[in-house]
Structure formats: C-alpha cells, structure tokens
Amino acid sequence: MRIVLLGCPGVGKGTQAKLIALRKGVRQIATGDILRQEVEQGTELGLLAQEYMDRGDLVPDEIIINMMQTHLQAADEVGGFLLDGFPRTVEQARALDQYLVSTGKSLDHVIALSAPGEVVVHRLSGRLTCNNCGATYHETNRQPRNFGTCDVCGGRLQIRSDDDPEAVRTRLQVYAERSAPLLDYYRSQGLLRDVDASGEVEEVYALIEKVLDS
Ligand code: AP5
C-alpha cells in the first residue's frame, strides 16, 4: 500500500501515521522525524536543515527530494509506504510522481486531514515529544501515564524547538502558502480524500480506516 497523509502542522498527521503503520503494517516515513534525527546526530544534512526547521520554514526541495529517494526505495522493498510530511510542495509532489512512474507504481490513497485553526494551535502548544522514540503526547489531550516520561519506551518528554509561538505562526503561514496547493494538485488527479481530524484520536482513525478500506 502507498499512502500520502497531508495536513497542516499539528493536525495530527504523526499521531495517525503511527496508528496506521502499527495496525495496517505499512512503513511510516516521517520527514520531520528523519530530519530531527539528522540534527540530533549532527550530520551535514542535520546542520543544514536545523536553521530552516527552527524558524519554521521548509528545508529546500532539492535536499528533501535527494533524502527521500533511498527511503522510498527501502520502503517499497518491504511492501510500500505511508508518507507523513512529504510531499510538502508541488515540486516535491512532482518528484514523487517521477519516482512512481520510474518504478511502475502508483499511490493508493492521498488523505488530507483538516481541523479548525484554534484546535491545531491548541494541539501544538501543549505537545510533548519523546526524545528517544518520537512518540507524541499532549499536556491536556493525551497525557502520558507518568509525568515527563514516554509510555512506549520510558524516554524523556520534551517540547519541540519549533513549537514556540513564533515558529508555529511561521509554520502555519508556510503551510498555507506552499503546501495547501498540494490539495488541488491531488484533487485534480482524483486521488484526494478529505478527513475531518477535529475529533478524538480514535474517531479520526476510524474515518481514515474507512477511506483505506474503501
Ligand atoms: P514535521 O515534523 O513534519 O512537522 P509538521 O508538519 O509541522 O507537523 P507536526 O509534527 O507539527 O504535526 P502533526 O500533524 O504530525 O501532529 P501530531 O500528530 O504531532 O516537520 C517539521 C519541520 O521539518 C518542518 O517545519 C520543516 O522545516 C521540516 N520538514 C519536514 N518535512 C519537510 C518537507 N517535506 N519539505 C521541507 N521541509 C520539511 O499532533 C500534534 C499534537 O496534538 C500532539 O500533542 C498530539 O498528541 C495531539 N493530537 C493529535 N491528534 C489529536 C486528536 N485527534 N485529539 C487530540 N489531540 C491530538
């Protein structure tokens, strides 16, 4: 199965992607997680990406497209992928199309998650992320069992550096300008399915599952 999950920062892409990957056995490729790992390891790519990420801007297309090539190939060898955070510009979507054409494959689902602005800002402003496995929690919506500790791996929970109010504003603006055009890109190909992501995590998952099973 090959799935693309679209939606603005904080709408719940990562949360849903992890559930889909776990329950449907599809490999999740989360560009944000990959980039944060590169930053953590201090690689050349990480150093380059960090300044863009910290201010809430997009990392340049050519860097992302190069980075994704090997991840897409590796996932395709084990049955497909679930893309969380890619593509994020029309340029990236065209590169993905080229990859698919060159491998004789196609996308099965493109799902666009949406929720009102105030819901998204609330989700981002209370998010806690595990510094070890990347699992996400929320100060009020999804609390961990033990304060400050990840339920999954016991790692330390922290606030992401790009979740400060100024970077959040930039990320939402960048989404509106550079990523929202992707909705029309996939709608015009007849691939896009809209899902209301404003409900509880399991409610949203049930809506996504209906699309995946259709
Ligand atoms: P990335 O990590 O992809 O960030 P993002 O797109 O801004 O998305 P988020 O991770 O903030 O939100 P999400 O939708 O995954 O929400 P989540 O599930 O965590 O990218 C970070 C940066 O990397 C970018 O800004 C850019 O610089 C760079 N980058 C990445 N990909 C790139 C690309 N392709 N091109 C260029 N640059 C790229 O949920 C948020 C919170 O809400 C959590 O606390 C969660 O517990 C809670 N929550 C989730 N769902 C619900 C629900 N249904 N009800 C209640 N609470 C919920």
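**Entry 1: the H2–H4 contact.** I looked up which residues join the two helices, and found that Thr31, Ile34 and Leu35 in H2 meet Ile64, Met67, Met68 and His71 in H4 (contact being heavy atoms within 4.5 Å). The model is predicted, with local features requiring pLDDT of at least 70 and side-chain atom pairs pLDDT 80 or more, while totals for chains, interfaces and linings use all residues. Numbering starts from 1 along each chain as its sequence is written, and side-chain values use heavy atoms, without hydrogens and water.

**Entry 2: geometry.** I noted that H2 (residues 31-41) and H4 (residues 61-77) pack at about 105 degrees, their axes 12 Å apart (axes are lines fitted to C-alpha atoms, for helices over the stretch in contact, and angles run from 0 to 180 degrees between N-to-C directions). The two helices are therefore roughly perpendicular (65 to 115 degrees).

**Entry 3: the whole protein.** I recorded nine helices and eight strands (DSSP runs, H or I of at least four residues and E of at least two, numbered from the N terminus). The C-alpha atoms fill a box of roughly 50 × 40 × 35 Å along the principal axes.

Conventions: Parallel < 35°, antiparallel > 145°, perpendicular 65-115°, else oblique.
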